[in-house]
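Hi,

Here's the structure I said I'd pass on. Have a look, and my notes on what turned up follow below.

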Amino acid sequence: MSRWSNGSSNVSYTSFLLAGFPGLRESRALLVLPFLSLYLMIIFTNALVIHTVLTQQSLHQPMYLLIALLLAVNICATSTVVPAMLFSFSTHFNCISLARCLIQMFCIYFLIVFDCNILLVMALDRYVAICYPLCYPEIVTGQLLAGLVGAAATRSTCIVAPVVFLASRVHFCRSDMIQHFACEHMALMKLSCGDISLNKTVGLTVRIFNRVLDMLLLGTSYSHIIHAAFRISSGRARSKALNTCGSHLLVIFTVYLSTMSSSIVYRTAHTASQDVHNLLSTFYLLLPCLVNPIIYGTRTKEIRYHLATLFQRTPLQVPSKKPLSLPSHMELPG
């Protein structure tokens with residue numbers, strides 16, 4: 001592969017080969033069908049819920065729009081990795097330049113962090129809707145929602161950019177073979193020569209700080225939400241509030257459990273093969289993308305109703321609402 005000189009005897013690779021699953025190198029073509037089926041299922045389920053939200057006027061509310069945005073991020077995160085991986089499995093062309101590798105790394109981590117930040121925005125939305133229902137329409141406006149999403153994107157960029165920038169400053173002289181199916185940070189750092197302690201420290205610090213802060217914010221928000229929900233006098237409104245929060249908490253549990261379990265195993269299971277580590281990477285990347293639309297499509301009553309009308313001729317009866325009445329504890333927003 002191509003190399004460049006930095007003016008001394010040191011050289012650094014500027015293009016790499018993605019090994020995918022090294023232990024299955026001779027039978028990589030067998031992986032195409034299962035991963036292609038999984039990818040198409042992720043695209044279909046996420047796109048179906050997004051289409052339902054965007055085409056139904058009654059779902060043009062902050063909570064449903066945030067769900068659609070979250071699922072759109074799922075599609076982008078999957079499409080950042082899986083198509084190129086399938087192409088390399090089927091054609092054995094798995095070469096990637098350093099620039100493309102860094103761009104892919106940024107996109108993967110940006111979308112993962114952005115996904116978590118959207119969950120924070122959704123928690124704030126539910127907090128206002130359940131704790132301050134009468135003020136919800138005045139507080140959560142389209143302008144505020146756009147500002148929060150912009151802040152989430154900015155925060156994601158600020159978290160990921162330093163890690164990728166430091167990776168771009170490293171010399172890679174050990175090998176040109178990345179033992180992964182994508183440009184994962186630590187897989188690339190294993191090819192480095194020289195001191196990368198700063199890269200490891202920044203990467204680990206950013207991940208721990210981000211996860212701890214997110215968990216504190218989410219825990220505080222949903223503890224207040226659940227406490228407020230149990231104080232609602234109407235059983236129907238209380239049930240709706242708890243069911244909505246239950247859906248969000250299931251998604252949060254799936255996202256954070258998959259990422260944390262992958263990180264823990266990566267740092268503790270030193271005897272596990274590289275294929276096991278790579279399989280865990282696909283687990284934390286693809287599992288939330290597959291599960292999230294199923295959770296929201298089956299547990300959110302309004303989305304479930306409109307999805308059902310797509311697959312049967314006789315529309316289901318949906319509970320009527322009073323569009324002109326002010327929201328109250330008897331009728332929660334969104």
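Helix α2 (residues 62-91) packs against helix α3 (residues 98-131) in this predicted model, at an angle of about 165° and with the axes 10 Å apart. Anything over 145° counts as roughly antiparallel, so that's what α2 is relative to α3. Their crossing is left-handed.

As for who touches whom: on the α2 side you'll find, among others, Pro 62, Met 63, Leu 66, Ile 67, Leu 70 and Val 73.

Staying in α2, Ser 88 is worth a click, as that's the helix it sits in. Is Ser 88 buried or exposed? With a relative accessible area of 10%, Ser 88 falls under the 20% cut-off, so it counts as buried. Its side chain reaches the backbone oxygen of Met 85 at 2.8 Å. If you skip neighbours within four places in sequence, Ser 88 is in contact with Arg 28, Phe 93 and Asn 94.

One more for you, over in helix α9 (residues 274-299): Val 276. Val 276 is partly exposed, at 39% relative accessible area. Which residue did I pair it with?

Cheers

Conventions. Residues are numbered from 1 along each chain as its sequence is written. This is a predicted model: local features need pLDDT of at least 70, side-chain atom pairs count only at pLDDT 80 or more; totals for chains, interfaces and linings use all residues. Side-chain values use heavy atoms; hydrogens and water are left out. Axes are lines fitted to C-alpha atoms, for helices over the stretch in contact, and angles run from 0 to 180 degrees between N-to-C directions. Helices (H or I, at least four residues) and strands (E, at least two) are DSSP runs, numbered from the N terminus. Angles under 35 degrees count as roughly parallel, over 145 as roughly antiparallel, 65 to 115 as roughly perpendicular and the rest as oblique. A crossing is left-handed if the near helix is turned anticlockwise from the far one by less than a right angle, and right-handed if clockwise. Contact means heavy atoms within 4.5 Å. Buried means under 20% relative accessible area, exposed over 50%, partly exposed in between (1.4 Å probe, protein chains only). A polar contact is a pair of N or O atoms within 3.5 Å; within protein, one must be able to donate a hydrogen and the other to accept it, and residues adjacent in sequence count only if both atoms are side-chain atoms.
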